[in-house]
Amino acid sequence: MVRKRRIAAAAMALTVLSVALTGCNEHKSPKGTIGITLTSKTEARWVSDGNNMVKALKAMGYDVDIQYAQYDVPVQLSQVENLVAKKVRGLIIAPIDGTTMVNALKQAHEQGIPVISYDRLIRGTPDVDYYVTFDNRQTGVLQGKDIVDKLGLKQGKGPFNLEIFSGALDDNNAHVVYAGVMSQLKPYIDSGKLVVRSHQVSLNQTATANWDGATAQARMDNLLSAFYGKDHLDAVLAMNDSIATGVVSSLKSVGYGSGGTAMPVITGQDAEVPNVKSIVRGDQTSTIFKDTRALANAAAQMMDAKLSGRPVTVNDTKSYDNGAKVLPSLLLQPQLIDKSNWREKLVTKGKFYTAQQIEK
Ligand code: GAL
């Protein structure tokens with residue numbers, strides 16, 4: 001009997017000890033947890049966005065619960081719902097489809113959880129506090145202008161054949177980038193100096209679901225066989241790097257880039273490693289560098305300022321109407337990268353990549 005009681009007492013002591021230890025392990029930072037959900041790991045940029053945000057928020061004393069939704073809209077919605085149920089202190093969200101989280105964000109606000117829309121616009125709800133992104137219109141302007149410059153259209157050259165590959169329709173950025181692109185290309189399309197043989201020019205006709213490279217590759221295959229039998233395609237407006245990768249593969253499979261058939265001018269966006277390599281090789285012409293370290297830091301600072309009651313820095317209060325309100329936004333500047341400046345912008349000055357990462 002006594003022995004049994006001793007064993008019971010010992011077991012109890014062990015339980016108490018382990019509860020205490022677990023309690024220790026689960027010790028939460030006094031500043032609380034920031035919940036993050038990002039679209040997907042498909043593009044390397046989102047992984048770098050996520051890692052940089054975790055680093056910045058941890059340095060500020062927060063815990064971070066970060067999740068990726070792999071382009072699955074219901075999965076991302078349940079991630080948001082779970083983070084709200086866990087009572088995180090703040091939410092940072094890059095939505096796949098900007099329109100799908102109205103109710104979940106209403107709940108977040110009812111619980112006093114601030115919400116930052118990260119890179120992509122959350123739409124149709126007043127329950128978003130701030131937007132931090134790159135100047136997406138400027139991204140499109142730089143892409144369109146690069147086609148104009150590299151083809152020599154201002155110098156009167158042409159006509160040239162062009163095809164357009166836009167991003168995902170459910171991503172507001174694709175709409176804003178498209179407007180920037182068209183501000184540069186439309187005058188030449190209208191004057192006949194740029195000819196789109198497929199006649200697919202509108203955002204709807206040129207969209208690529210989920211910015212998916214394989215989808216873009218399949219569409220390029222179709223366009224090449226339907227419209228470019230003997231004729232040369234001179235330029236492709238590819239709205240991001242995964243699309244550019246698909247376009248390059250398709251073109252190579254029909255002989256572009258060899259035997260005297262020059263690659264078209266091909267744009268991109270995100271300055272991903274394989275694409276910078278492709279620029280160095282001469283397959284892709286340019287990309288847009290958006291320094292995800294700066295964006296991640298800006299988001300972390302915004303959240304910390306909001307939660308600490310300090311003023312939040314924004315530089316645009318007009319451009320991003322999400323359908324329910326105009327979001328106070330912080331817009332960072334994108335930069336054009338091509339063969340002439342990649343080393344300076346991305347390596348020597350930018351310190352974003354090492355030369356070895358690109359040249360090995
Ligand atoms: C956009 C973003 C681009 C690109 C794309 C694909 O929202 O602005 O930089 O990453 O998503 O994920």
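In the predicted model, arginine 45 forms a salt bridge with aspartate 270, and the closest N and O atoms of this pair are 3.9 Å apart. The separation falls inside the cut-off of 4 Å applied between a side-chain nitrogen of Lys or Arg and a carboxyl oxygen of Asp or Glu, and the pair is therefore counted as a salt bridge. Helix H2 (44-59) and helix H11 (292-308) are the elements that contribute two or more residues to the side of domain 1 that touches domain 2. Of the elements on that side, H2 gives the most, with three residues.

The division of the protein chain assigns residues 33-128 and 291-332 to domain 1, whereas domain 2 is made up of residues 136-290, 339-345 and 352-359. The C-alpha centres of the two domains lie 29 Å apart. At the interface, 16 residues of domain 1 are in contact with 16 residues of domain 2, and the area buried between the two domains amounts to about 1400 Å², with carbon and sulfur atoms giving 41% of it. Two salt bridges are found across the interface of domain 1 and domain 2, and seven residue pairs, with both residues at pLDDT 80 or more, are in polar contact between these domains.

An open sheet of four strands was also identified, in which the strands follow the order E7-E6-E8-E9 and the pairing is parallel. The pairing of strand E8 (residues 235-238) with E9 is in the parallel sense and extends over two bridges, with valine 236 standing opposite isoleucine 266 in E9.

The loop between E9 and helix H10 (273-281) contains alanine 271. This alanine 271 has a relative accessible area of 0% and is therefore classed as buried, the limit for that class being under 20%. When neighbours within four places in sequence are left aside, alanine 271 is in contact with Asp241, Val276, Thr287, Ile288, Phe289, Leu346 and Tyr353. The C-alpha atom of alanine 271 is separated by 9.2 Å from that of leucine 336, although these two residues are 65 residues apart along the chain.

Definitions and conventions. Residues numbered from 1 in each chain as written. Predicted model: local features only at pLDDT ≥ 70, side-chain atom pairs only at ≥ 80, totals over all residues. Heavy atoms only, no water. Pairing = 2+ DSSP bridges. Buried < 20%, exposed > 50% of the residue type's maximum accessible area, 1.4 Å probe, protein only. Contact = heavy atoms within 4.5 Å. Domains from an automatic or database assignment. Buried area = accessible area lost by both parts, 1.4 Å probe. Polar contact = N/O pair within 3.5 Å; in protein donor to acceptor, adjacent residues only side chain to side chain.
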